[in-house]
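Dear colleague,

I am handing over the structure below, and my notes on it follow. Please read them with the coordinates open beside you.

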Amino acid sequence: IFSFCFCCCVLPMPVEVCSDQGHKAEAVFFDLDDTLYPRNRVIDDIVNERITSYLVMKLKIKPENCQLFRDRLHKSYPLTISGLVGEGHLRSHDIEPYLRFILDPNPIPSLIGTNPRLRTMVTNLRPSIKKWVFTNSDRKHTLRVLAALGCLNIFDGVIDLLAMGVMSPKPTRDAYEKAMTAATVRDPSKCVFLDDNLNNLRGARAFGWTAIHVGSPEFAERDSSAWDFSVSSVLDLPRVMPGLF
């Protein structure tokens with residue numbers, strides 16, 4: 001059993017000794033955006049602007065009302081697209097065009113660049129560990145980002161929004177069940193999950209997964225009950241869970 005000082009994680013916080021459970025894990029699930037690459041405000045702005053443009057063009061919502069409209073959807077639905085489908089603004093045949101409008105074309109790959117250290121870290125996981133990308137984006141966007149990172153073909157698979165279903169993405173329980181089915185893992189306690197989103201981590205942890213927040217320590221501290229470990233970068237995974245390697 002590995003143990004380490006919690007000061008390897010987010011600071012400042014009380015120092016405590018935690019037992020590393022990485023040696024028991026059978027699968028590691030990685031979120032994509034803002035997790036496999038650092039959060040980028042330019043990318044956030046691009047995606048939000050595209051969503052606003054869609055709402056204005058297709059739903060005829062005034063630009064100044066778009067954020068209020070999205071905020072209302074998020075009170076009842078996990079994602080904007082979930083709310084649009086749930087309220088009948090999008091039908092099944094509209095989903096793919098909506099995703100293409102939001103995600104294509106965009107300069108995200110050119111903004112993130114290759115990351116050889118990420119590739120090395122993922123490939124250094126124990127051979128028995130199943131490695132999956134688990135994202136609320138779609139497969140086309142995911143593969144494009146992985147290619148830009150230089151990390152295409154190092155994961156066992158991708159569980160994307162369409163695989164989960166637009167009405168049951170992270171953080172719904174159904175999403176985590178589908179991820180385990182895809183990875184052929186039966187015991188939730190043997191799943192490790194890295195994400196930047198506290199809601200997604202909270203859902204995973206409630207389901208029995210080990211949840212690791214990736215990103216700003218200040219943001220992580222908004223709800224420390226949502227995660228088991230918190231790191232500034234996905235590259236810190238070996239430090240907090242050395243048993244995975």
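**Helix packing and two residues**

Helix 9, which spans residues 173-183, packs against helix 10, residues 198-207, at an angle of about 65°, and their axes are 9 Å apart. Helix 9 is therefore roughly perpendicular to helix 10, and the crossing of the two is right-handed. Please keep in mind throughout that this is a predicted model.

On the side of helix 9, the residues that take part in the contact are Arg173, Tyr176, Glu177 and Met180, and these meet Asn199, Asn200, Gly203, Ala204 and Phe207 in helix 10. Sorted by class, this contact has four nonpolar, three polar and two charged residues.

I also looked at His213, which is found in strand 7 (residues 210-214). His213 has a relative accessible area of 1%, and because buried means under 20%, it counts as buried. A polar atom of the His213 side chain lies 3.3 Å from the backbone oxygen of Asp196. Not counting residues up to four places away in sequence, His213 touches Asp195, Asp196, Leu198, Leu201, Phe219, Ala220, Trp227, Phe229, Ser230 and Val231.

Technical notes:
Residues numbered from 1 in each chain as written. Predicted model: local features only at pLDDT ≥ 70, side-chain atom pairs only at ≥ 80, totals over all residues. Heavy atoms only, no water. Helix = DSSP H or I, 4+ residues; strand = E, 2+ residues; numbered from the N terminus. Buried < 20%, exposed > 50% of the residue type's maximum accessible area, 1.4 Å probe, protein only. Polar contact = N/O pair within 3.5 Å; in protein donor to acceptor, adjacent residues only side chain to side chain. Contact = heavy atoms within 4.5 Å. Axes fitted to C-alpha atoms, helices over the stretch in contact; angles between N-to-C directions. Parallel < 35°, antiparallel > 145°, perpendicular 65-115°, else oblique. Left-handed = near helix turned anticlockwise from the far one by under 90°. Nonpolar A, V, L, I, M, F, W, Y, C, P; charged D, E, K, R; others polar.
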